[in-house]
Amino acid sequence: MDAPAEKPEPVRDGESRHVKREILGIADRRKHHTREMTPLRAHVKEPDARHRVYRFRFYPNAEQVEQLSRTFGACRWVFNEGLALRSQAWEQHRVRVGFAETCRALTGWKRAEKTTWLKEVSSTVLQQSLRHLDQAFSRFLKGETKLPRQKRKGRSRDTATYVRTGFSWVEDDERPGTGLLKLAKQTRPLAVRWSRALPAGTAPLRLSVVRDPAGRYFVSVLVEELGGSWPPAFVPGSQEPKAVGLDLGLVSLVTLDDGTKVGHQKLLKRHADKLARLQRELHRKVKGSKNREKARRKIACLYARIRDVRKDMLDQLTTHLVRENQVLVVEDLSVATLMRGASGKGGRRKTGLITAIRDAAWGELLRQLAYKCEWYGRTLVMVDRFFPSTRRCSACHVKGSSLHVSVRHWSCAACGAVHDRDVNAAVNLRDEGMRLYWLAEASLPPDRTMPRLIRASAVKEAMPAA
Ligand SMILES: [Zn+2]
């Protein structure tokens, strides 16, 4: 397929219909008037509702393992076939093929002798696979991504999406928020380990089933929850919003302006020896052998465990921070930039730095803070990256000289205050964040609530004088 920039003449309407029908084997829409082609009607969200995904592990029985494996395979096949159809239509015939047309082609594929096995898989699931293809294509046509690539067994994620018609859900009266979840084309409900309850009385909107590289099965359940902002957090005995400055670092993961330090688990570092050993084992095994597959799975398991432990810790930390405070201030550091900077020259020390940054998972931390502020009615302030949070003295605001990474304590040359490096930075962030907060508040039209996210750059644009 050509790059979207150059736009060759597409063929005329009548001719394109002919090409689609005769050459590409896409049935006419008229033949399908008896059935609704697009089963997925856009779901209208309540104004106060938010979508939330809950993830649970489940343990399929032998029959389900087999059926899911077939489903994952069919999703991949349909995705690739749809991709080939769309690319070929454009390259050879200058005809655009859209989502609805790939769905009609799918009906044809199911009838074809060679591919009757597609019928053993729920058609809504296959249509979702085409939906994903369509989304990938439109991102490509907007110039955001490259042309979607073929999905390959063992390389691409094993996943299948079920819309509301693709599964059944019966809530358990005894234990609300849990229940029986049965997928289309399966005879028994999934054995889900309900590690927590869904909001009682809500029916899942969509499921996606995943088999991770470690061979574990998860179902992600999308539900709609009605808004539940927490009551605002004030400084005790006043109407002033409670604020906290958060300095993210490598020595302590997070330092608060009151001096609290949250250590960080350094999980990758802690497991480094084991990972290295497993990697060496993997490389010794013959490619494509059973033993290599076993070694690969061991590594995947270890990574999965590290990821879970880390995510769990971050979840607890961010929920606590967001509950206790009304305004949370962080530095607007782009993790991607840090990683890039660290990957230049400088060899081993920088490689160590990258591992440390990945290990700290700042990106995940910021993501969680942002969405939890959004949900619970808090404000996250992102202070400009060039704000000298470390060098400035939080007592007298004089900017000192830059500090080497190894310096943990310093004293201000102007006022003599002795600072802990990270606590000082956190105090500076909180002060600067609150300055921006009040600026944003002053420029707010009446009857509007504070935004959930304030970026320094946006405030400056709104108030050039500041
Ligand atoms: Zn000072």
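Author: Val254 has Val262 of strand 10 as its bridge partner. Strand 9 (residues 254-256) and strand 10 run antiparallel and are joined by two bridges. Strands (E, at least two residues) and helices (H or I, at least four) are DSSP runs, numbered from the N terminus, and two strands count as paired if DSSP finds at least two bridges between them. The model is a predicted one, in which local features need pLDDT of at least 70 and side-chain atom pairs count only at pLDDT 80 or more, whereas totals for chains, interfaces and linings use all residues. Residue numbers start from 1 along each chain as its sequence is written.

The pair belongs to an open sheet of six strands, in the order 10-9-8-11-12-15, with mixed pairing. Strand 10 (261-262) and strand 15 (453-455) are its edges; each has a single partner strand, so one side of each is left without a neighbour in the sheet. Further along the order, strand 8 (residues 243-248) pairs with strand 11 in the parallel sense over three bridges, and Val244 has Leu328 in strand 11 as its bridge partner.

Strand 11 (residues 327-331) is largely enclosed by the rest of the structure, because five of its five residues are buried. A residue is buried if 20 or more other C-beta atoms lie within 10 Å of its own, exposed if 12 or fewer, and partly exposed in between, with C-beta atoms placed from the backbone. Val327, Val329 and Glu331 point one way from the strand, Leu328 and Val330 point the other way, and all are buried. Helix 11 (residues 421-442) lies across strand 8, strand 9, strand 11, strand 12 and strand 15, running at about 130 degrees to strand 8. Such angles run from 0 to 180 degrees between N-to-C directions, the axes being lines fitted to C-alpha atoms, for helices over the stretch in contact.

The phi of His397 is near 65 degrees, a positive value in a residue other than glycine. His397 counts as exposed because it has 12 C-beta neighbours inside 10 Å.

Another open sheet has five strands, in the order 2-6-7-1-5, with antiparallel pairing. Its edge strands are strand 2 and strand 5, each of which pairs on one side only. Strand 1 (residues 49-58) runs antiparallel to strand 7 and is joined to it by 10 bridges; the bridge partner of Arg57 in strand 7 is Phe218. Helix 2 packs on this sheet, where it touches strand 2 and strand 6, and its direction makes about 90 degrees with that of strand 2.

The largest nonpolar core has 34 residues, and Cys75, Val78, Leu126 and Tyr162 have the most contacts inside it. Helix 2 (62-93), helix 3 (99-111), helix 4 (123-141), strand 2 (158-162), strand 4 (179-183), strand 6 (206-211) and strand 7 (217-226) each supply at least two residues of this core. Its largest share, nine residues, comes from helix 2. A nonpolar core is a set of buried Ala, Val, Leu, Ile, Met, Phe, Trp, Tyr and Cys residues joined through C-beta atoms within 7 Å. A second, separate core has 33 residues, among them Leu314, Ala361, Val381 and Leu429.

Leaving aside neighbours within four places in sequence, Val78 is in contact with Leu106, Leu126, Ser129 and Leu130; contact requires that the two C-beta atoms, placed from the backbone, lie within 7 Å. The axes of helix 3 and helix 4 come within 10 Å and cross at roughly 145 degrees. Phe99, Thr102, Cys103 and Leu106 in helix 3 meet Leu126, Gln127, Leu130, Arg131 and Asp134 in helix 4. By class, this contact has five nonpolar, two polar and two charged residues, where Ala, Val, Leu, Ile, Met, Phe, Trp, Tyr, Cys and Pro count as nonpolar, Asp, Glu, Lys and Arg as charged, and the others, Gly among them, as polar.

For the protein chain as a whole, the secondary structure comes to 12 helices and 15 strands, and 24% of its 466 residues count as buried.
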